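Thanks for coming. I will show one structure and then walk through a few places in it.

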Amino acid sequence: MQPWLSHPFDDDKLKEECGIFGAVGVQDAANFVALGLHALQHRGQEAGGIITYDDARGFQSAHRFGLVRDNFTSAKLMETLPGSIGIGHVRYSTAGSKGATAIRDVQPFFGEFAMGGAAIAHNGNITNANAIRRELIDRGSIFQSSSDSECIIHLMARSIQKTIAERLKDALRRVEGAFSVIAMTRTKLIGVRDQLGVRPLVLGRIGDGWALASETCALDIIGADFVREIEPGEMVVIDTKGLQSTRPFERTPSRFCIFEQVYFSRPDSIIGGRSVYETRRQIGVELAREAPVEADLVCPVPDSGTPAAIGYSQESGIPFAMGIIRNQYMGRTFIEPSEQIRNMGVRLKLNVNRALVAGKRIVLVDDSVVRGTTSQKIKEMILEAGAREVHFRIASPPTTWPCFYGVDTPERSKLLAARMNEDEMRDFIGVESLKFISLDGLYRAAGEAGGRNAACPQFCDACFSGAYPVAPSDMIERGFELKAAE
């Protein structure tokens, strides 16, 4: 993302991790990959890449900055990516350079091995990447990028195993953190999830071919049938003979990222057999039960707050209204805006529906509060439009800890909830009331009727609880302090 396309509204949201997609056994696989990446664009808008293999031309690749629609819809470009197998990646930088991405940081990454070439696309974050990188450089490896994902290729190169799949297993047994990986050889498509299953990966069938994707919405766009989720700790290897499944890692209780339910995944995706939209609507229901208020309208902060606002309205009986309208086309409206336009910040993306909110007591439902600056600006806009009162209801617990598993989170000192309690945050934002859903309420909305199991949480909720399922060793080495044992 270019600096002039970044605005305060974006800076006050947790950034999606990355999206990955692969297809095998289909004619013109690159076209399927491009469509899949387009459906996953919400997971990364900074850059994208596709690698394919064709017997006549070998491995071919294209890596571009910007959106899928602006690059991978060009017939001229797509003709350079022939073959019936391909993988792709859309990126938002969570490791490596941020804000000044080099094209060499854009995945998928490719390596040439004795038994042939292989490419990988990685969603997640390797929490011991610095240590591995130092070790590999000491042993002679030469890194081309600043990405943690490149460690996987170098570890594969040093493995003594005889197949690409076995070398990938070797490499992934060395890394810590969170990973969903799609890899490809000349004939095989490989999908792997870490043993905790922090990041998503699903399997689909399209005709005689197969697809792997971060979310089911990417299968829908290509007309693929959803088969199942790749299970935590599972590796699948797919070729013309079919699919083989193995378990390279020790079985442990899964810890899927609960923020996928709150914000990252598209609402039309299915996670764990459950509609993401329905989970978000149920979050609103739980929030209305936990934090009722007398008001005239329930309004979402679009678009991510909309399903929760609908649930809040349905449970509370307070009418739902689109009190804030989002400008869907803002991204490319101003190529090089003046300082005056840049300072408009949130107003470039959101506008208040004055006729609806004037004279009303408004419940604003948003997905999260990170730094709190956007919440302040939205409150000011609502009051300027004539609202009598503003009450914030947040569809996630307070974000008090950074994520080290593939989400670009500000350092802890910049998280509002790490510095203030709920009342202090209410006063900082300047609203009549501010309430977050409880952690138990969030778990109930996600289908865990008994709430959170404190002894063995069903999800990764480290950004809310500080309970990291994998110690972030690189960050601890830099001085990061884990939450004290209770």
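Let me start with a question: is E315 buried, partly exposed or exposed? E315 counts as partly exposed, because its relative accessibility is 37%. On that scale, buried means under 20% relative accessible area, exposed means over 50%, and partly exposed is in between, with a 1.4 Å probe and protein chains only.

Before going on, the basis. This is a predicted model, in which local features need pLDDT of at least 70 and side-chain atom pairs count only at pLDDT 80 or more, while totals for chains, interfaces and linings use all residues. Residues are numbered from 1 along each chain as its sequence is written, and side-chain values use heavy atoms, with hydrogens and water left out.

Back to E315. E315 forms a salt bridge with R289, and the closest N and O atoms are 3.2 Å apart. The two partners are 26 residues apart and link distant parts of the chain, with R289 in helix α10 (residues 276-290) and E315 in helix α11. A salt bridge here is a side-chain nitrogen of Lys or Arg within 4 Å of a carboxyl oxygen of Asp or Glu. Helices are DSSP runs of H or I with at least four residues, strands are DSSP runs of E with at least two, and the numbering starts at the N terminus. The R289 and E315 pair also belongs to a salt-bridge network that links E286, R289, E290, E315 and R444.

As a reminder, side chains of opposite charge can pair when their charged atoms come close. The whole structure has 25 salt bridges. I will take two others.

One is R199 with E260, where the closest N and O atoms are 3.5 Å apart. This pair, too, links distant parts of the chain: R199 is in the loop between β8 (189-193) and β9 (202-206), E260 is in helix α9 (residues 259-264), and 61 residues separate them. R199 counts as buried because its relative accessible area is 0%, and E260 counts as buried because its value is also 0%. What else does the side chain of R199 reach? It reaches the backbone oxygen of Y405 at 2.7 Å. The cut-off for a polar contact is a pair of N or O atoms within 3.5 Å; within protein, one must be able to donate a hydrogen and the other to accept it, and residues adjacent in sequence count only if both atoms are side-chain atoms.

The other is R426 with D427, whose side chains meet at 3.1 Å, N to O. R426 is partly exposed, because its relative accessibility is 25%. D427 is at 53%, so D427 counts as exposed.

Now the sheets. An open sheet of 6 strands runs in the order β5-β6-β7-β8-β12-β13, and its pairing is antiparallel. Its edge strands, each pairing on one side only, are β5 (109-113) and β13 (242-246). Within this sheet, strands β6 (residues 116-126) and β7 (residues 177-184) run antiparallel and are joined by 8 bridges. A121 stands opposite I182 in β7. Two strands count as paired if DSSP finds at least two bridges between them.

Strand β17 (297-300) is a parallel case. It pairs with strand β20 (residues 361-366) over 4 bridges, and V298 stands opposite V363 in β20. In a regular strand the side chains alternate between the two faces of the sheet. Which residues cover the two faces of β17? L297 and C299 lie on one side, V298 and P300 on the other, and all are buried.

Next, some backbone details. One joins Q107 and P108, with omega about 0°, and P108 is in the loop between β4 (85-91) and β5. Another joins P302 and D303, again with omega about 0°, and D303 lies in the loop between β17 and α11. D28, which is not a glycine, has a positive phi near 55°. D28 sits in the loop between β1 (18-24) and α2 (29-39), and counts as partly exposed because its relative accessibility is 40%.

Last, M322. M322 is in the loop between α11 (306-316) and β18 (324-326), and at 31% relative accessibility it counts as partly exposed. That is it from me.
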